[in-house]
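Please look through the sequence and the three-dimensional structure shown below before reading on.

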Amino acid sequence: MTSTVPQRIYLCGLLSDARIWSSVAEALPGRIFAFPGFSALSEMAAQVLATTEGPLVLIGHSMGGRVALEAVRQAPERIAGIVLANTGVHPPAEGEAAGRQRMIDIAGTQGMAALAEAWLPPMMGATPERVAALMPTLRAMVEAYPLDAYLGQIAALLGRADAGPVLAGYAGPVLLLSADHDRWSPPAQHEAMHALAPQATIRILPAAGHMLPIEAPEAVVAELRQWLSANGLTG
């Protein structure tokens with residue numbers, strides 16, 4: 001017999017693994033999924049659904065937020081709530097493929113360490129001291145990814161569909177988390193998502209960037225605790 005208490009599921013983004021969510025999950029335990037070896041968001045979501053049971057609260061960062069919405073598309077009856085952090089719902093923008101190709105070229109010609117040096121700094125928005133403390137962990141995380149796993153995730157992102165209708169059609173609890181210094185998925189992008197899901201709670205957290213869950217885990221935990229409690233999603 002499966003429990004009716006929703007499981008917390010943390011979903012990692014591009015080039016990410018459990019290190020992104022580890023501090024948050026230590027405070028609010030849940031299972032963490034990363035997605036090396038996949039080349040479609042639909043496959044990532046199907047893996048999460050196939051390897052879990054019962055109702056789920058999906059907590060997705062960046063690409064992981066898109067996986068959460070794909071899980072809603074595939075099995076809405078199983079999704080008790082969704083948290084979308086530093087993410088979006090729009091299909092690929094004009095010029096996005098070219099921008100991603102520049103990063104692919106760096107990875108392909110210079111290696112994953114060079115990619116980490118090019119890709120990570122613009123993603124960060126915490127204080128310089130906090131960023132300096134986090135960079136060794138984040139560099140190691142990126143460098144641990146094989147090139148083909150990175151290419152698969154890029155293919156998944158460039159092949160994504162518009163998830164706006166999925167979000168607009170989801171009647172369950174939604175928490176939108178952004179950060180004031182996120183230049184990749186800025187607060188305005190989350191405000192647009194809020195317009196699609198007016199029942200959502202939206203929070204813009206200070207002194208952080210795109211890597212919000214590892215840049216400001218205490219603030220993320222506080223928002224998650226409040227939202228989970230307010231929506232009856234705790235056991």
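## Ile-82 and its surroundings

Leaving aside neighbours within four places in sequence, Ile-82 is in contact with Leu-58, Leu-69, Val-72, Leu-167, Tyr-170, Pro-173, Val-174, Leu-175 and Trp-227, where contact means heavy atoms within 4.5 Å. Ile-82 belongs to strand 4, which covers residues 79-85; helices (H or I, at least four residues) and strands (E, at least two) are DSSP runs, numbered from the N terminus. Ile-82 counts as buried, at 0% relative accessibility; buried means under 20% relative accessible area, exposed over 50%, and partly exposed in between, with a 1.4 Å probe and protein chains only. From C-alpha to C-alpha, Ile-82 and Ala-71 are 10.0 Å apart in space and 11 residues apart in sequence.

This is a predicted model, in which local features need pLDDT of at least 70 and side-chain atom pairs count only at pLDDT 80 or more, while totals for chains, interfaces and linings use all residues. Residues are numbered from 1 along each chain as its sequence is written, and side-chain values use heavy atoms, with hydrogens and water left out.

Trp-227 is placed in helix 11, residues 217-230, and is buried, with a relative accessible area of 3%. Not counting residues up to four places away in sequence, Trp-227 touches Val-57, Gly-81, Ile-82, Val-83, Pro-173, Val-174, Leu-175, Thr-201 and Leu-233. The C-alpha atoms of Trp-227 and Ile-82 are separated by 10 Å, although the two residues are 145 residues apart along the chain.

The largest nonpolar core has 87 residues, of which Leu-58, Ile-82, Trp-119, Tyr-150 and Leu-224 touch the most other members. Such a core is a set of buried Ala, Val, Leu, Ile, Met, Phe, Trp, Tyr and Cys residues joined through side-chain atoms within 4.5 Å. With residues up to four places away in sequence not counted, Leu-58 touches Ile-9, Leu-11, Val-48, Ala-68, Ala-71, Ile-79, Gly-81, Ile-82 and Val-83.

## Two aromatic pairs

A search of the whole structure finds two aromatic pairs; rings of Phe, Tyr and Trp (its six-membered ring) pair if their centres lie within 6.5 Å, and planes under 30 degrees apart count as stacked, over 60 as edge-to-face and the rest as tilted. The rings of Tyr-10 and Trp-21 have centres 5.0 Å apart and planes at 45°, so this pair is tilted. The pair links distant parts of the chain, 11 residues apart, with Tyr-10 in strand 1 (residues 7-11) and Trp-21 in the loop between strand 1 and helix 1 (22-27). Tyr-10 is buried at a relative accessible area of 0%, and Trp-21 is buried at 1%.

The rings of Phe-35 and Phe-38 have centres 6.1 Å apart and planes at 80°, so this pair is edge-to-face. Phe-35 counts as buried at 1% relative accessibility, and Phe-38 counts as buried at 17%.

## Loop residues

Most residues other than glycine have a negative phi. Ser-62, in the loop between strand 3 (56-61) and helix 3, has a positive phi, near 55°, and is buried with a relative accessible area of 14%. Asn-86, in the loop between strand 4 and helix 4, has a positive phi of about 55° although it is not a glycine, and is buried with a relative accessible area of 0%.

Glu-77 lies in the loop between helix 3 and strand 4 and is exposed, with a relative accessible area of 64%.

Within helix 5, Met-112, Ala-114, Leu-115, Ala-116 and Trp-119 are buried, and what covers the buried residues of helix 5 includes helix 4, helix 6 (128-143) and helix 7.

About 560 Å³ of space lies in the largest pocket. Of the 30 residues that line this pocket, Glu-96, Arg-100, Trp-119, Met-123 and Trp-184 are the closest to its centre. Helix 3 (63-74), helix 4 (96-110), helix 5 (112-119) and helix 7 (147-158) are the elements that give two or more residues to the lining. On a 1 Å grid over the protein atoms alone, a cavity is a set of points where a 1.4 Å probe fits but cannot get out, and a pocket is an open set with protein on both sides within 12 Å along at least five of seven lines; lining residues have an atom within 4 Å of a point. Grid points are joined across faces, edges and corners, and a volume is the space filled by probe spheres set on the points.
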